[in-house]
Amino acid sequence: MPQNLELLPLLPEIVLSVCGTLVMVLDAALGNSRKALLGVLALAGIYCAGVGALLSNQRPGEAFSGMVTVDNAATFFRLLVAVVGFLTVLGSMSYLRRESLPQGEFYALILFSLAGQGLMAVASELILLFLGLEISSLATYVLTGFLRRDARSSEAALKYFFLGSFATAFLLYGVALTYGATGATRLTAIRQALDKPDTNLSLVALAAALLLVGIGFKVSAAPFQVWTPDVYQGAPSPVAGFLSTAPKAAAFAMLLRVFFIGMPQAAPAWTPMLWILALLSMTVGNFGALLQTNIKRLLAYSSIAHAGYVLVAFTARTDHGVTAALVYLAVYGFMNLGAFLVVSHLAGPGERYLDLEDYAGLGERQPFLAALLALFLLSLIGVPLTAGFFGKFYIFRAAVNAGLIWLAVLGLLNSALAAYYYLKVLVVMYMRAPAPDAPAPEPLPAALAATLVISAGATLVLGVRPGRLVDFVQGAAGW
Amino acid sequence: MGVLLNLVLLLPLAGAAVLLIAPRDHHAMLRRLTLIFSLVTFAASLPLAFAPVEAGFQMETNLPWMANPPIRYHVGVDGISLWLVLLVTFLTPICVLASWRHIQSRVKEFFLFLLLLETGMIGVFIALDLFLFYVFWEVTLVPMYFLIGVWGHERRIYAAIKFFLYTMAGSVLMLAAILWLYNASGTLDLPGLGREIAAGRLALEPGQQTLLFLAFFVAFAIKVPLFPLHTWLPDAHVEAPTAGSILLASVLLKMGAYGLLRFCLPLFPQASRQLAPAISTLAIIGILYGGLVCLVQPNMKKLVAYSSVSHMGFVVLGIFSFTQLGADGAVYQMLNHGVSTGALFLLVGMLYERRHSLEISAYGGAATPAPGLAALFLITSLASAGLPLLNNFVGEFLVLQGVAETSFGYAALAAGGVILAAWYLLWLYQRVFLGEPAEQVSDRLTDVGRRELAAAVPLIVLMVWMGVYSKTFLARISASTARILEPMELRVGSPGPPLTAEAQRRRGTR
């Protein structure tokens, strides 16, 4: 039985799991009229987990015989997923009521998923990383199929589950090969083993490739992105927003751990892989998005492209690059979740209005929501004075700094290309007359409005003064 | 004095903020508010015209914005940019007047975007930090995109997207180059970079310099626009509402030319020299091609748009002649073009408001029912065609003289553009205003009203002033262009073509 203080490194995950269980138990006990309390409980749990992450960072270092390492980077990722989870819960309350979905299960699944992502952030051992990934993934598989009566949602869940399991198998293969080559699963031990002359480096390179398949799937990097549009389209919109931000960030945390801490010596092998993945993701994502008319599919392809931008930063393999990637993930969390939540409200009961055409004249019909969506889209384009701009700026600065001029130029051209499809949405919203049979605007629920205002505020503030976030992240990047 | 410049930058922004909270249905009030804010901005910017004649930057404000990367809010003006700032603040009230009746839907948003655009444009001309410059450069993009796309004509959406993507494609390359420069020098401060280069601490290899030059150059050339990157311009102009066309032609195109002068030449002198022949050739092609297209253009706005391609060719030609006269003429021509082409678009907009057609064939004999409008149009056309005593003459003359110092052939070819301009503009005037008025023309063609006169007359006054007494402007311009040209020639290994005795004498006296 570990001492109390020894539990501190895993405090956030403990809080989240306990809270999730509590939500499930109370779900059965509470009457239908008081289910809203569950949401409040979930929010409180996530808040406490965030505080717990900061507390555990007071005693950084290894714990549980080196299976867990609390450091600034881990704390950053834990806080990031907590914030995203908080906003998701707050923003999906009205959605769940509108679609009459079971609230308790939803919140509990989000909490468990966050616990898994927290584990991915702190784990410094391959098996625990894998466990965290699975906890997070299983919850998100269920969340994807949460619209039980919607065939598309069930299909999405199945697809996500099958392809996800397949990718996980690759990942496990990678873990096994790593163990075979180095005789270790702890990342620091792997690193030490790689320094020994008798380690088979080509086996490690193969392992890295397999690990990258698994992680690439989770961050929806091309060529492992095929599931993304279908899953995002089928999943409930708030879940799609969540999927594109929190699990992605956690998977990137895993990439950071495994490759940068675990096997830096194999960098000559995995850097070109990252390079190719980055370029492919940006290109496939942006070209795919050009043709989309469904707003959720469009955002799905855009999220593939954005994964590519983050990969550019990792390809740089410098502190600058890691800082840029972390900043970008935070920024992306706000703007993309915000966009998906606006979509979730505009889609109306049963998510009927998802076609680009349904947004015609939105600027006149619902000026506030249209302005918010416009802000998120401009940030996704990377227009200055929005957070997205600084995100891209840091990424491409890191790339140029690391001598990846061509990748930077191709990435920048990609982001210019991306402007086209985001603008298409703006065009429909502001430059077209509303359709005569356009649905009457529904009142914006207070919780959702608060979520959107927070996201928009963060997008604007980080667009003018990113300094504090960057300072914080730099502390994290220098682990 | 630095406070003043910040005030000029922020006043339109404050106006936009006021508009944001103003009630949306009081159209008259919204218009008046915008007019007041734009006039106050203009008044605040007037002292710039009396700034001391100095070669370097003045009225500087230099505050830290961010520590890492070291981005500073560094603004200031020199003899070139102060006139461009004045051009912006001068034209914005005119644009407000031009949109008074023309804009009837979503009035609040329109004027909001107009004021945001004003801040962005002023920012571009006063930013002395590369990053700040890029921010303002991009910030102008969004309001203009909406001005074209929401309040434009039939094919507005196509034009708006084309405008956005062309500019964006150019500017991301510029961003890459800015990042590279920062990486090599550790600073984003423009004067700082200039010092590094002058001291030889930032030595770029020729190959690198050419690539970086091109990255900046393409962004600016798209904006100018230089042939063959001009294809977005006719679309954007034709589809934009009058105010959009005026600002697009008068100011946004100048941002490109200004960028060439402010960044390309000082930062990459060797590459500028090396590529000057190719660029000059493109400029001349643009001058002649633009003029020839104007001759066959049935649409008035498109005609004026192509005339911009032709006129802006002179500016580029002047800049890349690397002569004092050429550069002075180029800057002067930037201002001239802003005034006279702005006026042309304003007058074409007035015609459109009356007859809802931009086709030349829909008019004829318009001078009979609208003599005042005809007179304004004639003066503007003559100014644009380069009639002596009017503004364009001075600019074109200086450019041609400067170019002739280095290459007589270029000057001779470019002079063809002047002849073409007289041809297509006078012919345009003849077809629209002269002859027997057709029945349906005189029906709806009323003469200019008081509001329209208030918009047009200041422009006409300026055309005459700039044509007769160019000294007001040129003293400050020359001081600053000389400063830009000076290090260029010191640092070039092989000096340019030998200077004529006349030019040497001129340079000696400066």
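In this predicted model, 25 residues of chain B are in contact with 22 residues of chain A. H7(B) supplies the largest share, 14 residues. By class, chain B's side of the contact has 20 nonpolar, 3 polar and 2 charged residues.

Just after H7(B), Gly186(B) takes a positive phi of about 80°.

Next, the backbone exceptions. Most residues other than glycine have a negative phi, and most peptide bonds are trans. The following table lists departures from this.

| Site | Feature | Angle | Loop |
|---|---|---|---|
| Ala222(A) to Pro223(A) | cis peptide bond | omega near 5° | Pro223(A): between H9 (201–218) and H10 (227–234) of chain A |
| Phe227(B) to Pro228(B) | cis peptide bond | omega near 5° | Pro228(B): between H9 (206–223) and H10 (232–239) of chain B |
| Phe64(A) | positive phi | about 50° | between strands E1 (61–63) and E2 (68–70) of chain A |
| Leu389(B) | positive phi | about 80° | between H15 (371–385) and H16 (391–406) of chain B |

Neither Phe64(A) nor Leu389(B) is a glycine. Phe64(A) counts as partly exposed because 17 other C-beta atoms lie within 10 Å. Leu389(B) has 12 such atoms within 10 Å, so Leu389(B) is exposed; the cut-off for exposed is 12 or fewer.

Key
Residues numbered from 1 in each chain as written. Chains lettered and ligands numbered in written order. Predicted model: local features only at pLDDT ≥ 70, side-chain atom pairs only at ≥ 80, totals over all residues. Contact = placed C-beta atoms within 7 Å. Helix = DSSP H or I, 4+ residues; strand = E, 2+ residues; numbered from the N terminus. Nonpolar A, V, L, I, M, F, W, Y, C, P; charged D, E, K, R; others polar. Buried ≥ 20, exposed ≤ 12 C-beta atoms within 10 Å, placed from the backbone.
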